[in-house]
Protein chains: 2
Amino acid sequence: MKTTNFRLPKTKVGDITFKKIIRTGKRLFAKHGFQATSINDIIEKSKVAAGTFYLYFDNKLALYMYLLEEYKKEIRETSAMAAVGYLTRYEIERAGLKSFIKYAKRDPLAYKLIWESMSVDPAIFKQYYQSFSKSYVYHLMEFVDLGQVRSDVDLETASYVLMGIANFVGLQVVFKEDITEEQIDWIVDECMKIVKNGLLT
Amino acid sequence: MKTTNFRLPKTKVGDITFKKIIRTGKRLFAKHGFQATSINDIIEKSKVAAGTFYLYFDNKLALYMYLLEEYKKEIRETSAMAAVGYLTRYEIERAGLKSFIKYAKRDPLAYKLIWESMSVDPAIFKQYYQSFSKSYVYHLMEFVDLGQVRSDVDLETASYVLMGIANFVGLQVVFKEDITEEQIDWIVDECMKIVKNGLLT
């Protein structure tokens, strides 16, 4: 994986410029893709001075990595927040799934940006999901000890199963343009039936 | 969704040229992405005469759509072939999952090409998975009637759950560079425990 750096702004004015670059980068990467977007496009569309970009980012990849990290943090925090107050693994999975799906519905560009990392650098893509998986396994393990998660299933595999369900049921929901909050809740409950007891008889 | 056309070659020589273009297109789209690849790049790297490209494809999108259709057909046929001779839904799901994962391991570029359709044209991406989902629902329905699939779960949701599991467990396997055939089988069986009986107690 390539290493590349960003520097956070230190002033209020800097903060405004930084955010302009972030927003423009996100929009252009999502619209045209990472490869087809140039630093000049980002500078031009952000309406910032040419040198300003390099104050904060080493290069285009540094901006991309910043955005990806931001998504990762936001997605994790959203799930963690949603799970607050719930005690059983069923309730926690349900809250996490629902919050992920609603996040995907609000910001479907997340899929594009995250999945394009496969082309940007396969190591970034791999690291993205492997780190999610590791933290998932860690949390599932606690609930194996509590007797709420089956103890005879490989937890790494379980983590990819759960990530796959969240991502693809997220797509199912994103595809339905006029879906209501109640319909999303219903789909989440249908999913949870499978997570809890399986699909086959 | 944009409509665009391709024309199959009618001669043996044409067939060779056609295949050269297909192979080069696949490689360049996978390497640089659809947006950053030009028709000229494809013509140059395929070493075909400039006009030849247009004999077969209206434009770059036509070639991309051809490749996507090819993947879709190949993935479906591979699963269908793998399931031949199995009678229970458990065995069919297991064979389909294993064949999908092995396909992904052999040709991980499939993920890139399919998922990039989100940027090429969101309608293509949506149509890709919605058509998979529809055919999955149709097959699951038969097994609800046979009493082998739960009758109290929404089958559309179940189809996205199963596609999500296949795609993400496929990634889990692609990420492991030195994984053996036996280890893949083991992961598939761990998955199937969840598909059969769920993950939570």
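Of the 201 residues of chain A, 37% count as buried; a residue is buried if 20 or more other C-beta atoms, placed from the backbone, lie within 10 Å of its own, exposed if 12 or fewer, and partly exposed in between. The model is predicted, so local features need pLDDT of at least 70 and side-chain atom pairs count only at pLDDT 80 or more, while totals for chains, interfaces and linings use all residues. Residues are numbered from 1 along each chain as its sequence is written, and chains are lettered from A and ligands numbered from 1 in the order in which they are written.

**Chain A as a whole**

Select chain A. Its C-alpha atoms fill a box of roughly 60 × 35 × 30 Å along the principal axes. The chain holds nine helices and zero strands; helices (H or I, at least four residues) and strands (E, at least two) are DSSP runs, numbered from the N terminus. Of the contacts in chain A with a separation of 6 or more, 63% join residues 24 or more positions apart; a contact requires C-beta atoms, placed from the backbone, within 7 Å.

**The two domains**

Next, colour residues 12-62 of chain A as domain 1 and 67-197 as domain 2, bounds that come from an automatic or database domain assignment. Their C-alpha centres lie 29 Å apart. Where they touch, domain 1 of chain A contributes eight residues and domain 2 of chain A seven.

**Helix α5**

Now select 89-106 of chain A, which is α5. This helix has 18 residues and reaches 25 Å from its first C-alpha to its last, close to the 26 Å expected at 1.5 Å a residue (1.5 Å times one less than the number of residues). Display its buried residues, among them R89(A), I92(A), L97(A), F100(A) and A104(A). The buried residues of α5(A) pack against α4 (60-83), α6, α7, α8 and α9 of chain A.

**The contact with chain B**

Finally, show both chains. The contact takes 46 residues from chain A and 46 residues from chain B. On the side of chain A, α5, α6 (109-120), α7 (122-145), α8 (155-175) and α9 (181-197) each supply at least two residues. Select α8(A) in particular, as this helix gives the most, with 14 residues.

A rotation of 180 degrees with 0.0 Å of shift along its axis superposes chain A on chain B (RMSD 0.0 Å), by least squares on the C-alpha atoms of residues with pLDDT of at least 70 in both. That is the relation of a two-fold axis. Because 100% of the interface residues of chain A are also interface residues in chain B, the copies meet through the same surface.

Technical notes:
Two residues are in contact if their C-beta atoms, placed from the backbone, lie within 7 Å.
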